[in-house]
Amino acid sequence: MRIELRVCQHCLEGDHGNERRTEVINDMVACAERIREHKDVIDLEEVVIRKVTETDPGKPESLPVVSATIQDDQIVLNDLQLVTEGPDGNMLIYVDPQDIMTVLAGNVDEISKAVHEDVTVDLSSTSAEMISEADLGARGPNADEP
């Protein structure tokens, strides 16, 4: 099993002036780094963090998947994505920041259950809120009804 996080280097460094996005992307990278440190605990072979710029050709480092959108009749590669590859070879791609943050934080949580040391990542309030508001589907349909 492998995961690859792709982030915009400029967003990571705060060059685009969007403080909330910078916080979240830094949190994603911190989580991915923590996962990489303990990858064997959750049976991951590889954890890649790919930092891209506008001059980057867009080639993934490990997992051969790149998401794109269409803007002004042009195909634009997404500069933020998380790709996971399962033991069966199936790949999942996440492009929504809330989904990416939730998946990464979930992996850190799984690691914390298996090791005796503190592996928590200090998340920004923005990321913490994103995770707490994630609809994980655990409640099931009509969960709010008596």
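## Contacts and overall make-up

Residues 24 or more positions apart account for 61% of the contacts with a separation of 6 or more in this protein, a contact being heavy atoms within 4.5 Å. The model is predicted, so local features need pLDDT of at least 70 and side-chain atom pairs count only at pLDDT 80 or more, while totals for chains, interfaces and linings use all residues. Residues are numbered from 1 along each chain as its sequence is written, and side-chain values use heavy atoms, with hydrogens and water left out.

You will find four helices and six strands here. Helices (H or I, at least four residues) and strands (E, at least two) are DSSP runs, numbered from the N terminus. Starting at that end, the elements follow the order β-α-α-β-β-β-β-β-α-α. The protein has 146 residues, and 39% of them count as buried. Buried means under 20% relative accessible area, exposed over 50%, and partly exposed in between, with a 1.4 Å probe and protein chains only.

## The open sheet

Let us turn to the strands. An open sheet is formed by four strands in the order β2-β1-β5-β6, with mixed pairing; two strands pair if DSSP finds at least two bridges between them. At the edges stand β2 and β6 (91-94), each with a single partner strand, so one side of each has no neighbour in the sheet. On average, neighbouring strands of this sheet are turned by 15 degrees against each other, direction ignored. For such angles, axes are lines fitted to C-alpha atoms (for helices over the stretch in contact), and angles run from 0 to 180 degrees between N-to-C directions.

Strand β5 (residues 81-85) and β6 run antiparallel and are joined by four bridges. Glu85 has Met91 of β6 as its bridge partner. The hairpin of β5 and β6 has five residues between the strands, and in it Gly89 takes a positive phi near 90 degrees.

## A second hairpin

Strands β3 (residues 68-71) and β4 (residues 74-77) also make a hairpin. Four bridges pair these two strands in the antiparallel sense, and Ala68 has Leu77 of β4 as its bridge partner. Two residues lie between the strands of this hairpin, where Asp72 takes a positive phi near 50 degrees.

Where do the helices sit? α2 lies across β1 and β2, and runs at about 150 degrees to β2. Helix α3 (residues 97-114) packs on the sheet and touches β1, β5 and β6, its direction making about 45 degrees with that of β5.

Two packed helices are described by the angle between their axes and the distance between the axes. For helix α2 (residues 19-37) and helix α4 (residues 125-132), the angle is about 75 degrees and the axes are 8 Å apart. That makes α2 roughly perpendicular to α4; angles under 35 degrees count as roughly parallel, over 145 as roughly antiparallel, 65 to 115 as roughly perpendicular and the rest as oblique. On the α2 side, the contact is made by Arg20, Glu23, Val24 and Asp27, and on the α4 side by Thr126, Ser127 and Met130.

## The cysteines

How many disulfides are there? A disulfide is a pair of cysteine sulfur atoms within 2.5 Å, and by this rule the count comes to zero. Cys11 is in no disulfide, as the nearest cysteine sulfur, that of Cys8, is 3.7 Å away. Cys11 is buried, with a relative accessible area of 5%, and Cys31 is buried with a relative accessible area of 2%.

Cys8 is found in strand β1 and counts as buried at 5% relative accessibility. Leaving aside residues up to four places away in sequence, Cys8 touches His16, Val52 and Asp79. Cys8 and Val52 are 44 residues apart in sequence, but their C-alpha atoms are 5.0 Å apart in space.

## Two more residues to look at

Arg6 lies in strand β1 (residues 2-8) and is buried, with a relative accessible area of 5%. A polar atom of the Arg6 side chain lies 2.9 Å from the backbone oxygen of Asn78.

Is Asp43 buried or exposed? Asp43 is exposed, with a relative accessible area of 59%, and lies in the loop between α2 and β2 (46-52). Asp43 and Arg2 are 41 residues apart along the chain, and their C-alpha atoms are separated by 8.9 Å.

How values were computed
Polar contact = N/O pair within 3.5 Å; in protein donor to acceptor, adjacent residues only side chain to side chain.
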